[in-house]
Amino acid sequence: MDAYSGSVHCMTCGYDLAGSALRGDCPECGSAYNVESGEGVVSADTLAQTRGDRVLMWLKVGVLGGLGMTAIAVGAIAAVNAADWTRPMTVGGGVGGALLAMAAMVWLIDVLERRQR
Ligand SMILES: [Zn+2]
């Protein structure tokens, strides 16, 4: 396998290692890499995919987190105007809390998946 023919990037920071030695430390972040064995390096395709996955993950966390905060805020605002304030607070807090928990789960799963690699 001719690892150095294509574009090779540092696995840690994504630095383009084209023109660098076949093995050594990344000039950008100092992580050890070895182009021949594939340690510490990723192809440009893999890097783009990884970045896409991360954008999608943060998008999910952002949407779920935003909806959760909105639900809690709506519940709190409704509670101010309601005769019985406990009901909108409970519903808003429950729905918002569930959405925030889902956002936390998405983030946690992403952290655990990256730790396995
Ligand atoms: Zn690096």
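Guide: The mean pLDDT of the chain, pLDDT being the predictor's confidence in each residue on a scale from 0 to 100, is 90, and 94% of the residues reach 70 or more. This is a predicted model, in which local features need pLDDT of at least 70 and side-chain atom pairs count only at pLDDT 80 or more, whereas totals for chains, interfaces and linings use all residues. Residues are numbered from 1 along each chain as its sequence is written.

Helix 1 covers residues 44-81, which makes 38 residues, and from its first C-alpha to its last it reaches 55 Å, close to the 56 Å expected at 1.5 Å a residue, where the expected span is 1.5 Å times one less than the number of residues. Helices (H or I, at least four residues) and strands (E, at least two) are DSSP runs, numbered from the N terminus. In sequence order the chain reads β-β-β-β-α-α. Its radius of gyration, taken over C-alpha atoms, is 22 Å, well over the 13 Å that the globule rule (2.2 Å times the number of residues to the power 0.38) gives for 117 residues, so the chain is more spread out than a compact globule. The C-alpha trace of the chain spans about 70 × 25 × 20 Å along its principal axes.

The buried residues of helix 1 are Leu64, Gly68, Ala71 and Gly75, a residue being buried if 20 or more other C-beta atoms, placed from the backbone, lie within 10 Å of its own, exposed if 12 or fewer, and partly exposed in between. An α-helix has 3.6 residues a turn, so residues three or four places apart point the same way. Helix 2 (86-116) is included in what covers the buried residues of helix 1, and over the chain buried residues make up 15% of the 117 residues.

The chain is divided into domain 1 (8-39) and domain 2 (50-116), with bounds that come from an automatic or database domain assignment, and the C-alpha centres of the two domains lie 38 Å apart.

Note on methods
Contact = placed C-beta atoms within 7 Å.
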